[in-house]
Amino acid sequence: MQWASWSFFFNMGGYAFYVWFSFGLTALCVLWEVYALRKRSRDALHLATLLAQD
Amino acid sequence: MKQAWLTVLKRDLLQAYRRRSDIATTLFFFVIVSSLFPLGIGPEPAVLSSIAPGVLWVAALLAGMISLSRMFAADFSDGSLEQLLLAPQPLAVLVTAKILAHWLVCGLPVVLLAPLIGLQYALPNEALWVLVYSLLLGTPTLSLIGAIGAALTLGVRGSGLLVALLVLPLYIPTLIFGAGAVATSQHGMSAEAHLSLLAAVSLLSLVLAPVATAAALRISVE
Amino acid sequence: MHMNWFKFSSPATFYPLAGKLVPWFFWLATLLALVGLYVSFALAPTDFQQGEAYRIIFVHVPAAWMSMFIYVVMAGWAAMGLALNARLSAMMAQALAPTGAMFTLLALVTGSLWGKPMWGTWWVWDARLTSELILLFLYLGFMALQSSIDDPRRADRAGALLALVGVVNVPIIYFSVKWWNTLHQGSTINMGVAPKMAATMLLGMLLMALAFWMYSIAVSLLRVRCIMLERERSSDWVKALTAKGAK
């Protein structure tokens with residue numbers, strides 16, 4: 001293990017902002033894309049069901 | 001085949017002649033864009049001559065681009081493009097006549113006018129010559145690559161802006177080598193390497209772009 | 001073999017198949033990302049020059065790799081779509097583009113976040129960053145062209161042609177940008193850091209790249225399912241699907 005304690009880990013040797021922003025943004029993008037696609041898929045299915053009922 | 005090619009070329013040139021104001025618009029655009037920079041940056045000759053290669057090349061790029069959507073639009077709306085597609089001659093070859101016509105109408109005037117603008121930018125004589133050479137070698141590539149974009153966006157809504165988005169990234173090598181040639185000659189070095197690369201890009205696009213344009217036309221018209 | 005290929009290339013069979021595959025790729029991506037993050041943060045040593053800031057490469061480099069790789073794969077699908085006139089291939093190309101653009105954007109932003117503490121500026125016009133920016137323009141052009149053509153068949157084929165033109169141009173653009181800026185540092189792997197880069201650092205990067213790869217597969221399969229549903233709303237297989245009420 002590299003880190004003496006959690007606070008050292010979160011501090012990232014003084015580069016906390018840059019490191020955590022990079023990883024946080026990536027995580028956010030990934031989660032948002034998955035969420036948006038699930039919603040799109042639900043909507044498409046819903047619309048197709050409505051069309052089939054007509 | 002030569003006959004058909006010449007017919008297409010003549011027809012396009014005649015149409016351009018009938019709409020002379022269009023050519024004037026392209027030229028005027030080139031002049032006004034390149035005249036805006038000194039107004040925005042200041043009249044210092046040292047500054048102006050250092051930005052001149054990039055500014056003149058970008059202005060030439062944009063001037064060539066704004067006229068792109070017209071390359072096939074008229075033929076598309078009056079149906080003569082379909083005739084071209086049905087012609088027994090290979091489409092890729094006939095398309096080169098249209099591209100050449102576009103270059104003669106929109107590219108060549110810019111090449112001829114550029115040294116005058118270059119004078120306003122305090123470019124030394126030698127750099128002016130290199131500017132003309134580089135534009136002469138590079139602007140045909142702009143028409144060639146532009147033809148692909150024009151063919152792809154034929155009849156699409158918002159095609160004018162779309163063509164810019166598609167074509168400008170592909171213009172980057174030409175811009176880099178063209179403006180680079182002028183800049184190196186300004187610094188008293190030989191521009192030969194840049195000009196050869198520019199010629200290589202032109203040759204490559206001469207081989208590939210007509211084929212891609214022909215394919216794009218078939219996709220758009222069918 | 002031939003039979004199989006055509007069987008799976010029809011949306012009606014591919015839709016449920018993709019649906020079965022998606023969770024597997026998502027789990028694989030999650031697993032690889034967890035191990036990759038562990039290696040990146042717990043095992044990889046501090047870089048003696050860059051301190052902890054170098055840990056940004058564990059997202060930056062994989063994102064940059066994926067952005068380029070996805071473009072090539074996209075062009076491959078596009079070429080196949082044009083050559084075989086296959087609907088599915090064109091839909092795959094369309095499904096990959098947003099994810100590729102997202103990775104390009106992430107590579108740019110994380111590169112800039114890495115550059116600020118290392119070079120002192122948010123942006124340098126070096127060859128890698130500039131090429132990545134141009135790649136973003138290529139992705140955006142592809143997406144803009146496809147979304148502005150209403151006829152899906154024409155949109156597919158026009159997009160495919162543009163992707164092919166783009167992939168031919170990418171090496172030329174890259175060369176010209178490199179020529180333009182000879183101050184270029186070379187790609188990260190052989191940045192001169194290579195001999196000093198600990199094996200665990202390389203391992204972390206590879207694991208993260210694999211995680212991104214699996215994620216891209218999962219997401220593009222998910223997206224291609226959406227595209228199929230939206231396009232073939234009134235086809236028989238979609239009707240059968242909705243009649244069942246199943247997913």
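This is a predicted model: local features need pLDDT of at least 70, side-chain atom pairs count only at pLDDT 80 or more; totals for chains, interfaces and linings use all residues.
Begin by selecting residues 159-186 and 192-221 of chain B, which are helices α8 and α9, and look at their axes, which come within 8 Å and cross at roughly 155°. Since angles over 145 degrees count as roughly antiparallel, α8(B) and α9(B) are therefore roughly antiparallel to each other. The crossing in which α8(B) passes α9(B) is left-handed.

To see where the two helices meet, show the side chains of Pro173(B), Thr174(B), Phe177(B), Gly178(B), Gly180(B), Ala181(B) and Thr184(B) on α8(B), together with His194(B), Leu195(B), Leu197(B), Leu198(B) and Val201(B) on α9(B). Coloured by class, this contact has 7 nonpolar and 5 polar residues, and no charged ones.

Next, select the contact between chains C and B, to which chain C gives 23 residues and chain B gives 22 residues. On the side of chain C, the elements giving two or more residues are α5 (127-148) and α6 (152-180), and α6(C) gives the most, with 14 residues. By class, this side of chain C has 17 nonpolar, 4 polar and 2 charged residues.

Finally, turn to the largest nonpolar core, which has 162 residues and in which Ala60(B), Ala216(B), Met74(C), Leu161(C) and Ala218(C) have the most contacts; helix α7 (residues 199-231) of chain C gives the most to this core, with 18 residues. Centre the view on Leu161(C), which, leaving aside its neighbours within four places in sequence, is in contact with Leu152(B), Ala212(B), Ala215(B), Ala216(B) and Ile219(B), and with Leu82(C).

Note on methods:
Residues are numbered from 1 along each chain as its sequence is written. Chains are lettered from A and ligands numbered from 1 in the order in which they are written. Axes are lines fitted to C-alpha atoms, for helices over the stretch in contact, and angles run from 0 to 180 degrees between N-to-C directions. Helices (H or I, at least four residues) and strands (E, at least two) are DSSP runs, numbered from the N terminus. Angles under 35 degrees count as roughly parallel, over 145 as roughly antiparallel, 65 to 115 as roughly perpendicular and the rest as oblique. A crossing is left-handed if the near helix is turned anticlockwise from the far one by less than a right angle, and right-handed if clockwise. Two residues are in contact if their C-beta atoms, placed from the backbone, lie within 7 Å. Ala, Val, Leu, Ile, Met, Phe, Trp, Tyr, Cys and Pro count as nonpolar, Asp, Glu, Lys and Arg as charged, and the others, Gly among them, as polar. A nonpolar core is a set of buried Ala, Val, Leu, Ile, Met, Phe, Trp, Tyr and Cys residues joined through C-beta atoms within 7 Å. A residue is buried if 20 or more other C-beta atoms lie within 10 Å of its own, exposed if 12 or fewer, and partly exposed in between; C-beta atoms are placed from the backbone.
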